[in-house]
Amino acid sequence: LNMNGSNIRFGNGIEFWANAHDNTVEQCKVWEIYDTGLSNQNQGSTVQQYNIFYRNNIVFNCALASFEYWNKPASSTTANIHFENNTCVNAGYGWGTQRPDRVGVHILLSYNEAVTDSIFIRNNIFYKANACLAMPSTWNTTDGYTKLVLRNNCYYQPSATDTVVFLFFSSGYNTATFSTYQTSTGQDVSSFINDPLFVNYSGNDFHITSTSPTINQGFATNILNDYDNETRLANSID
């Protein structure tokens, strides 16, 4: 489609564009997406985006990203965005691989200009992608990493040399160097790399088994039930 004289690919699953607030995306299954599964974003006009919650969702086979955020121009504001207790699998795989510029990351924090306060990415499973997390090395032009909180996430890549975190124009980190990323950015406190042990990965059953290393590894939030609306195992990040 054409917008502002440019051809734009509209292929996101659930997206909040421009002014958006007090929205919740919960207990949804989002899959086979040509672009990004879940997103709030803006460009052009000055807007406010705040109090947006993505929780207890299963997102898989998204060609660009499982979750994507950016807000422009600098006169816009963003606050209190929560991406928590989601299971994200196979970014860059599935139907969307036909797109010529697929990226395939689970979390894409693109170039953000808005005055930003409090983005929480916690208690998620990020399983198999071209990179699990991608963002600029100094993510926000004003605040650096201070308004972004990543913690208690489970990352997993099939090969130890696969990229787990990619910082634009800076560094890529794999399983062996993940701790260096944690130390240098101060992000992903209590996050770890391990196979979450899905019930049936090949059958798209992304429930965790009773021996999953994600059990009792989450940050305590007020999300008491899980994707199936059952009482969550103690601080589990499934």
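## Ground rules

The model is predicted, so local features need pLDDT of at least 70 and side-chain atom pairs count only at pLDDT 80 or more, while totals for chains, interfaces and linings use all residues. Residues are numbered from 1 along each chain as its sequence is written, and side-chain values use heavy atoms, with hydrogens and water left out.

## Two open sheets

Strands here are DSSP runs of E with at least two residues, numbered from the N terminus. Two strands pair if DSSP finds at least two bridges between them.

I81 has I119 of strand 13 as its bridge partner.

Another open sheet has 6 strands in the order 5-8-11-14-17-20, and its pairing is parallel. Its edge strands are strand 5 (29-33) and strand 20 (192-193), each pairing on one side only. Strand 5 pairs with strand 8 (residues 58-62) in the parallel sense over 4 bridges. Here V30 has V59 of strand 8 as its bridge partner.

## The largest pocket

The largest pocket has a volume of about 670 Å³. Its lining has 27 residues, and the closest to the pocket centre are I8, R9, Q41, E68 and W70. Several strands give two or more residues to this lining, among them strand 2 (6-7), strand 3 (14-17) and strand 9 (65-71). The lining divides into 13 nonpolar, 8 polar and 6 charged residues. Asp, Glu, Lys and Arg count as charged; Ala, Val, Leu, Ile, Met, Phe, Trp, Tyr, Cys and Pro count as nonpolar; the others, Gly among them, are polar.

A pocket is an open set of points on a 1 Å grid, where a 1.4 Å probe fits, with protein on both sides within 12 Å along at least five of seven lines; lining residues have an atom within 4 Å of a point. The volume is the space filled by probe spheres set on the points, which are joined across faces, edges and corners.

The disulfide count is 0. A disulfide needs a pair of cysteine sulfur atoms within 2.5 Å. For C88, the nearest cysteine sulfur is that of C62, 7.9 Å away. For C132, the nearest is that of C154, 9.2 Å away.

C88 is buried, with a relative accessible area of 0%. C132 is also buried, at 0%. Buried means under 20% relative accessible area, exposed over 50%, and partly exposed in between (1.4 Å probe, protein chains only).

Most residues other than glycine have a negative phi, and most peptide bonds are trans. The peptide bond from K72 to P73 is cis, with omega near 10 degrees. P73 sits in the loop between strand 9 and strand 10.

S118, in strand 13, is not a glycine, yet has a positive phi of about 75 degrees. K128 is not a glycine either, and its phi is positive, about 60 degrees. K128 lies in strand 14 (residues 125-129) and is partly exposed, with a relative accessible area of 22%.
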